[in-house]
Amino acid sequence: MTDRKDTESNVTESPWSEWRSVTPARLALGRVGAGMPTDEVLRFGWAHAMARDAIHAALDVPKLEAALHAQGWTVAHVHSRAPDRTTYLRRPDLGRVIDPDEIAKLRTAPFKPSDICIVIGDGLSSLAVDRHAAPLLAALKPLLADELKRAPVVIAAQARVALADEIAELLQAKLSIMLIGERPGLSSPDSLGIYITHAPFRGRNDAGRNCISNVRPEGLSYAAAAFKLAWLVRESLTRRLTGVDLKDESDLALLAANANAVRLPPSR
């Protein structure tokens with residue numbers, strides 16, 4: 001049996017190996033002869049399996065609903081026209097529209113009129129929604145206390161981004177916020193995306209949306225994502241637009257807020 005130390009001694013390290021401490025990307029992996037080190041091959045296989053599992057795993061709806069109720073949200077459920085996961089993956093168009101049987105149920109849901117509708121869709125990573133949707137909304141709520149006072153949350157199964165347009169249109173909301181699991185990467189199977197759309201309606205194109213991506217502790221933190229989202233929501237409701245016409249300048253607002261918070265000692 002080959003000693004592990006002897007195997008490791010055959011690895012030729014990459015001259016860029018220091019970069020590995022600052023990024024999860026697969027770079028500077030080294031080599032053994034003309035091939036990759038065994039450890040890296042195994043890590044790649046594990047990451048690929050995690051990405052596949054994130055796509056196919058079902059969202060734990062009861063767990064998510066319980067977390068949202070604990071935060072004080074009013075919750076409803078809908079399903080897209082994709083009847084199962086296989087169809088959802090093969091027919092993206094069916095994930096963009098509500099099942100006809102769900103429309104009447106949504107119209108009779110006990111929601112109070114609100115300018116904002118929040119939709120949580122499983123998307124291509126239910127793992128992202130399961131881990132990050134509730135913590136993100138918990139961080140957002142105090143930043144938009146007045147705007148979100150009556151905002152409903154709709155949990156949507158087999159959902160694509162555009163499904164939020166039809167839901168918000170049915171609820172007569174001026175603005176939709178879609179939290180959805182992004183397509184898994186080999187270093188990020190649980191990345192949550194946020195899409196903000198003013199004047200949503202069925203058939204709205206993606207040029208009318210703003211996007212905040214890679215929300216997770218290893219990417220964009222809940223606090224940072226909530227700040228960006230709150231800024232975009234307020235600007236959208238004020239200017240009555242989103243998408244290519246609304247540039248995200250939340251970083252400038254954050255810098256200004258931090259500058260005002262810093263009190264310099266008086267000069268002598």
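Predicted model: local features only at pLDDT ≥ 70, side-chain atom pairs only at ≥ 80, totals over all residues.
Visitor: Helices here are DSSP runs of H or I with at least four residues, numbered from the N terminus. With that in hand, where is the place of Leu89?

Guide: Leu89 belongs to helix 4, which covers residues 85–90.

Visitor: Noted. Is Leu89 buried, exposed or partly exposed?

Guide: Partly exposed, because its relative accessibility is 30%. Buried would need a value under 20%, and exposed one over 50%.

Visitor: What separates the C-alpha atoms of Leu89 and Arg150?

Guide: A distance of 34 Å. Along the chain, Leu89 and Arg150 are 61 residues apart.

Visitor: Back to Arg160. Which ring does Arg160 lie over?

Guide: That of Tyr88. Arg160 sits over the face of Tyr88, 4.2 Å from the ring centre.

Visitor: And the charged end of Lys141, which ring is that over?

Guide: The ring of Trp73. The distance from the charged end of Lys141 to the centre of that ring is 4.5 Å.

Visitor: Let's zoom out. How many helices and strands does the protein have?

Guide: Nine helices and six strands. The C-alpha trace spans about 70 × 70 × 35 Å along its principal axes.

Visitor: What share of the residues is buried?

Guide: Of the 268 residues, 41% are buried.

Visitor: Take contacts between residues at least 6 apart in sequence. What share join residues at least 24 apart?

Guide: That share is 67%.

Visitor: Now helix packing. At what angle do the axes of helix 3 and helix 6 cross?

Guide: Roughly 10°. The axes of helix 3 (residues 61–71) and helix 6 (residues 126–140) come within 10 Å. The two helices are therefore roughly parallel to each other. Angles under 35 degrees count that way.

Visitor: Which residues make the contact?

Guide: Helix 3 brings Lys63, Leu64, Ala67, Leu68 and Gln71. Helix 6 brings Val129, Asp130, Ala133, Ala134, Leu137 and Ala138. By type, the contact residues are eight nonpolar, one polar and two charged.

Visitor: Why would residues three or four places apart in a helix point the same way?

Guide: An α-helix has 3.6 residues a turn, so residues three or four places apart point the same way.

Visitor: Tell me about Gln71. Which residues is Gln71 in contact with, leaving aside its neighbours within four places in sequence?

Guide: Ala134, Leu137, Ala138 and Lys141. Gln71 itself is in helix 3. Gln71 counts as partly exposed because its relative accessibility is 24%.

Visitor: How many Å apart in space are Gln71 and Ala138?

Guide: They are 6.9 Å apart, C-alpha to C-alpha.

Visitor: Switching to helix 7. How many of its residues are buried?

Guide: Seven of the eight, so helix 7 (residues 163–170) is largely enclosed by the rest of the structure. The buried ones are Leu163, Ala164, Asp165, Glu166, Ile167, Ala168 and Leu170.

Visitor: Pick Leu163. What is its relative accessibility?

Guide: It is 0%, so Leu163 counts as buried. Beyond neighbours within four places in sequence, Leu163 contacts Ser80, Gly95, Arg96, Val97, Ile98, Ala156 and Met178. Leu163 and Pro200 are 37 residues apart in sequence and 10 Å apart in space, C-alpha to C-alpha.

Visitor: What about the phi of Gln158?

Guide: Gln158 has a positive phi of about 50°, although it is not a glycine. Gln158 lies in the loop between strand 3 (152–157) and helix 7. At 11% relative accessibility, Gln158 counts as buried.

Visitor: And Arg240, buried or exposed?

Guide: Exposed, because its relative accessible area is 66%. Arg240 lies in the loop between helix 8 (222–239) and helix 9 (250–261). Arg240 is not a glycine either, yet has a positive phi of about 60°.

Definitions and conventions. Residues numbered from 1 in each chain as written. Heavy atoms only, no water. Lys NZ or Arg CZ within 6 Å of the ring centre and 35° of its normal. Axes fitted to C-alpha atoms, helices over the stretch in contact; angles between N-to-C directions. Parallel < 35°, antiparallel > 145°, perpendicular 65-115°, else oblique. Contact = heavy atoms within 4.5 Å. Nonpolar A, V, L, I, M, F, W, Y, C, P; charged D, E, K, R; others polar. Buried < 20%, exposed > 50% of the residue type's maximum accessible area, 1.4 Å probe, protein only.
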